[in-house]
Amino acid sequence: MQGAKILVVDDEPDFQETVVKRLIDRGFEAAGADDGYSCMEILGKKDMDIVILDVKMPGMDGLEVLKKIKLKWPLVEVIMLTGHASVESGIQGMELGAFDYVMKPYKLEDLVHKLEHAYERKKIQQDKISKAKEGN
Amino acid sequence: MVNKEYNVLKWKIIAAILSFSLIPLIVVGWFIYSQFSTSYQAKINDNILSMAESRRNSLELFFEERVSQLTTLAHSHRFPSLKNEDFLLGIFNTMQARSKSYIDLGIVDQNGDHIAYVGPHKDLRGLNYKNEEWFAATMSSGLYISDVYMGFRSVPHMIIAVMVRETDMTWILRATINLDIIERVVRSAQTGKYGDAFIINRHNILQTNPRFVGSILEKPTCPCPDFSKTINTRVEETKCGNENYIFASAAVNTTNWVLVVMESPQEQLSALFRARERAEVLLILGVLIIFGGTYMVARSFMGKLVRMAKEKALSDEMCFQSNKMAALGKMAAGLAHEVNNPLAVIGEKAGWVKDLLKKEGMPEGPHIREIADSINKIEYHVDRARKVTHRLLGFARRMEPVMEQVDINKLVNDTVSFFSNDALFRNIKIITELDSNMPLVTTDSSQLQQVFLNIINNSVDAVDRDGWIRISTKVDRISNKVEIAFEDNGPGIEQENLSQIFDPFFTTKEPGKGTGLGLSISYQIIEYLGGKIDVESRRGEGAKFTVSLPLRVAQLDAIG
């Protein structure tokens, strides 16, 4: 669990910074991004395990970013973050390959719980792939 | 108010149809009747006139015959032979052989002495007529037909006198006419129950005995007008008291008489009156049928109209409700979203402070404790606000009409939470007894919640203060349905209102407080969702609404 690399993408700096700090405090390797573009930039430079992605952002919105991430880095798990408890954006996100969604405001414990699950799945997937590669 | 307008409209329609159908009917009826009546009246006038004319002709013929007979007799015999009574009796008997037209026969000389007489009244012989009116008239004109008069015997009679002038003397043949014959002719015109016929002279004195209008030698009484100046014929209608009478008069030539025939039109027109009575009965029947038909048509028409208007109002109201809910949902969603972001920041910041405090290993000191306490409070209230916004969002989400898997118990709890403040304020206890084995039900949660809201709202209004509302859910595996029961200890529903509570616009709330649509819409929603609503209530014992929904329904299209 420790050491999972997490990117928090949210246009609200206060929120984003605090989440990053608290995640680091809990042993994650967390970084923040202000919007979709910088998110893609960071992902291009650095290997990330999980992206926490706000649905509603100026410029490129969460769902669009999600599509791009899944296209480029299909192994990266995404947890959608929404202030809008609309089922459609949550379900839409899941359909597009997001691992889960969390409604703002949340209890950090819930988020951490979901992060752990996502990280587990990521690891299993990675193992499968590396095994498949070894098999070849 | 609405019903009064519909009533006015109904009567307007009835009046319009009635006037369009009755006016032509009555006009045609009246026209036919008046035509018929006019021609019938004309026919009656013709009848009475022709009767008068025919009797008049008979009388004229009778008198002409008598005059010519007497003239012939007077001129074909000489005075000396005629004054012999035996000879005169022979002639009288010959004349009477064929008809009893005469009573007697006499010879009067130029001095007025009745010198010969044959007939039943022997005492007339030897009387002197010199001063009698008829004697002078006969001596001057040669022929005289008298009116009826009393004469010496004080018996009504009439005479015909013929004067014969011989070289050395003048004498008169005088014959008394049998009045019975004239009476008989006249009487034959006295038809029917009220018909009369009589003869008057030129002084309007009755010459025969009428049935009704007086007696011989008197003036005719009411209703007979004065016909004594009739020249040829005349028909006249007159009134006496309340009765109408119709008269025909005909002047009898050779005499100074006028024959009058009287009839009661009531009698003559009785056929017409009967026809009119029947026509009136038919007309009344027709009017009744038309009225009944019109009333029924108008009523069913108005019934349909009212029903349509109610349905329209209901669907308008439902549309309005759903629009309102959708708008409300959008607003709630937007608001919740806007509040959620800052809430998230506050939560995170508070959490971060807490993390930091923990990291510091919880240093002692009253201020630090205060800070920790405050942080906990902040987190607690963020959580509380979160619940509110999430409930708002849940409400907003449910405004979208979809069939989904619904947790009925959760829906009940959510709905109840809307009332918690109001209930607390009014000291109403809302008890929920929820079946923990309740499965998910495929239905439309927003519509269902609307129904729950309506029913609980009514219950709260009914209880008003200090009472309880019990909501229980139950799953019935045998008949495959779930039941949600809402009980209260309010005043209950009047027995006569029970059948109406699901009708649109039926409300027992004060004017302005209820639209009368809540239960009606609820009923429709539940019907649409394949379930039903039952109500049990007794006056004073509260009410119980039971909503039952099928556990498994065929996939319904989303309501839209």
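Trainee: What share of the contacts in chain B with a separation of 6 or more comes from residues 24 or more positions apart?

Mentor: In this predicted model, such residues account for 62% of those contacts. A pair counts as a contact if the two C-beta atoms, placed from the backbone, lie within 7 Å.

Trainee: What makes a residue of chain B count as buried, and how many do?

Mentor: A residue is called buried because 20 or more other C-beta atoms lie within 10 Å of its own. By that test, 29% of the 560 residues of chain B are buried. Chain B has twelve helices and 16 strands.

Trainee: Which residues of H5(A) are buried?

Mentor: They are A:Leu108, A:Leu115, A:Ala118 and A:Tyr119.

Trainee: How do you know that the length of helix H5 of chain A agrees with its number of residues?

Mentor: The helix covers residues 108-135, which is 28 residues. At 1.5 Å a residue they should span 40 Å, and the end C-alpha atoms are 40 Å apart, so the two agree.

Trainee: Where do chains A and B touch?

Mentor: 17 residues of chain A are in contact with 19 residues of chain B. Helix H1 of chain A, residues 13-25, gives the most to the chain A side, with seven residues. By class, that side has seven nonpolar, four polar and six charged residues.

Trainee: Which element of chain A has the lowest mean pLDDT?

Mentor: Helix H4, residues 87-95, at 72, whereas strand E1, residues 5-9, has the highest, 93. For chain A the mean is 86, and 94% of its residues reach 70 or more. Where pLDDT is low, the predicted coordinates should not be read in detail.

Methods: Residues numbered from 1 in each chain as written. Chains lettered and ligands numbered in written order. Predicted model: local features only at pLDDT ≥ 70, side-chain atom pairs only at ≥ 80, totals over all residues. Helix = DSSP H or I, 4+ residues; strand = E, 2+ residues; numbered from the N terminus. Expected span 1.5 Å × (residues − 1). Buried ≥ 20, exposed ≤ 12 C-beta atoms within 10 Å, placed from the backbone. pLDDT = per-residue confidence, 0-100. Nonpolar A, V, L, I, M, F, W, Y, C, P; charged D, E, K, R; others polar.
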